[in-house]
Structures are given as structure tokens and as C-alpha cells.
Amino acid sequence: MIRLKRTNASDADFQDLVKELDIDLSIRDGDEHLFYSQFSKIDMIKYVVIAYDENKPVGCGAIKQYDETTVEIKRMYVTSGKRGKGIASMILEELERWSRELGFEQCILETGINQPEASRLYEKKSYHIISNYAQYENIANSICFGKKL
């Protein structure tokens with residue numbers, strides 16, 4: 001049974017999952033990984049959700065305040081052996097619930113053309129493609145999504 005835990009970026013399980021995520025993204029993004037990694041630092045993240053299966057961390061996600069009404073979904077990841085089991089959906093739903101509790105009105109996020117399974121997840125969860133924002137504005141390989149809460 002999957003159990004979700006709310007925590008922050010200092011959580012060792014989150015840090016370990018992010019290391020796995022970064023390895024995966026460096027393979028997918030190739031030479032562009034250095035560009036993207038500068039926007040994925042976790043030291044300022046206060047809100048993290050970790051998924052556990054039999055007390056083993058198997059997935060994570062985070063939210064980071066973007067502006068007064070908006071949070072950015074960050075560091076979504078599920079370990080390769082646990083993908084396709086709905087864990088990412090559970091994490092995303094918990095992040096949305098937490099965002100509403102904190103008083104935010106919408107979520108935004110960036111993913112890349114090299115993560116088609118991520119795009120399918122966000123579309124399935126009623127996210128819509130939006131114009132690329134901020135640092136992703138002129139990046140052809142970035143896809144940005146948004147959702148009103």
C-alpha cells in the first residue's frame with residue numbers, strides 16, 4: 001500500500017530520490033541537462049511529498065511558491081520499477097491539495113519533450129499547455145502546463 005508523507009527538502013529520502021531523478025534527466029536531456037539543472041535546486045523548497053511502498057521511498061514531488069497565487073510543481077519522480085501504478089497521480093493530487101490548503105489558486109510546471117510520460121500524466125490530471133514562462137520562455141524543448149485549483 002502506498003503511503004504519502006508531507007515533508008521538506010531536508011528530508012534524506014527526498015534528496016536520494018532527487019539524485020535518481022537527476023541521473024534520469026541527464027540521460028534524457030543530454031547536453032541540455034546543465035541548463036535545466038540550474039532551475040531545479042531543492043534548497044529553497046519547503047513543501048515536499050514522498051510516496052512510500054512498504055516503507056521504501058518510491059516517488060516524490062514538491063511545490064515552490066511562484067507568486068502570490070501560484071505554485072510551481074517541481075521534482076516529480078517515481079522510481080522506474082514503480083511507474084505505471086498511479087503513484088505519480090497520488091503525489092500530484094496531494095501537492096494540489098496542499099497548495100489549496102496554503103491558499104494558492106493555481107499550479108504551473110515545466111517538463112520537456114523528452115518526458116512524454118510526464119506530459120500524458122499532466123494532461124490526464126486536467127493540466128493545460130500554457131505559454132512557456134520565465135526561464136523557459138524561449139526554450140524549444142520545454143513544455144509548460146498550468147491548472148486552476
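This is a predicted model: local features need pLDDT of at least 70, side-chain atom pairs count only at pLDDT 80 or more; totals for chains, interfaces and linings use all residues.

User: Is K147 buried or exposed, and what is its relative accessible area?

Analyst: K147 is found in strand β7, which covers residues 142-148. Because buried means under 20% relative accessible area, K147 counts as buried, its value being 17%.

User: With which side chain does the side chain of K147 make a polar contact?

Analyst: Leaving aside neighbours within four places in sequence, the residues in contact with K147 are E96, E105, Q106, C107, K125, S126 and Y127. The polar contact of the K147 side chain, at 3.2 Å, is with the side chain of E96.

User: Which element gives the most to the largest nonpolar core, and how many residues does that element supply?

Analyst: This core has 23 residues, and those with the most contacts inside it are I73, M76, I91, L92, L95, Y122 and Y127. At least two residues come from each of β2, β3, β4, α3, β5, α4 and β7. The element that gives the most is α3, with six residues.

User: Which residues does L95 touch, not counting those up to four places away in sequence?

Analyst: L95 is one of the residues with the most contacts inside the largest nonpolar core. Not counting residues up to four places away in sequence, L95 touches V49, G61, A62, I63, I73 and M76.

User: How many residues apart in sequence are the parts that the pair of Y47 and W98 ties together?

Analyst: A search of the whole structure finds five aromatic pairs. Among them, Y47 and W98 form an edge-to-face pair, with 5.2 Å centre to centre and 80° between the planes. Y47 lies in strand β2 (residues 47-53) and W98 in helix α3 (residues 87-101), so the parts tied together by this pair are 51 residues apart.

User: Of that pair, what is the relative accessibility of W98?

Analyst: Y47 is partly exposed, with a relative accessible area of 24%. W98, by contrast, counts as buried, at a relative accessibility of 10%.

User: Which residues do ring pairs link into a cluster?

Analyst: Y133 and Y136 form an edge-to-face aromatic pair, 5.6 Å centre to centre with 85° between the planes. Both of these residues, Y133 and Y136, are buried. The cluster linked by ring pairs consists of Y66, Y133 and Y136.

How values were computed: Residues are numbered from 1 along each chain as its sequence is written. Side-chain values use heavy atoms; hydrogens and water are left out. Rings of Phe, Tyr and Trp (its six-membered ring) pair if their centres lie within 6.5 Å; planes under 30 degrees apart count as stacked, over 60 as edge-to-face and the rest as tilted. Helices (H or I, at least four residues) and strands (E, at least two) are DSSP runs, numbered from the N terminus. Buried means under 20% relative accessible area, exposed over 50%, partly exposed in between (1.4 Å probe, protein chains only). A polar contact is a pair of N or O atoms within 3.5 Å; within protein, one must be able to donate a hydrogen and the other to accept it, and residues adjacent in sequence count only if both atoms are side-chain atoms. Contact means heavy atoms within 4.5 Å. A nonpolar core is a set of buried Ala, Val, Leu, Ile, Met, Phe, Trp, Tyr and Cys residues joined through side-chain atoms within 4.5 Å.
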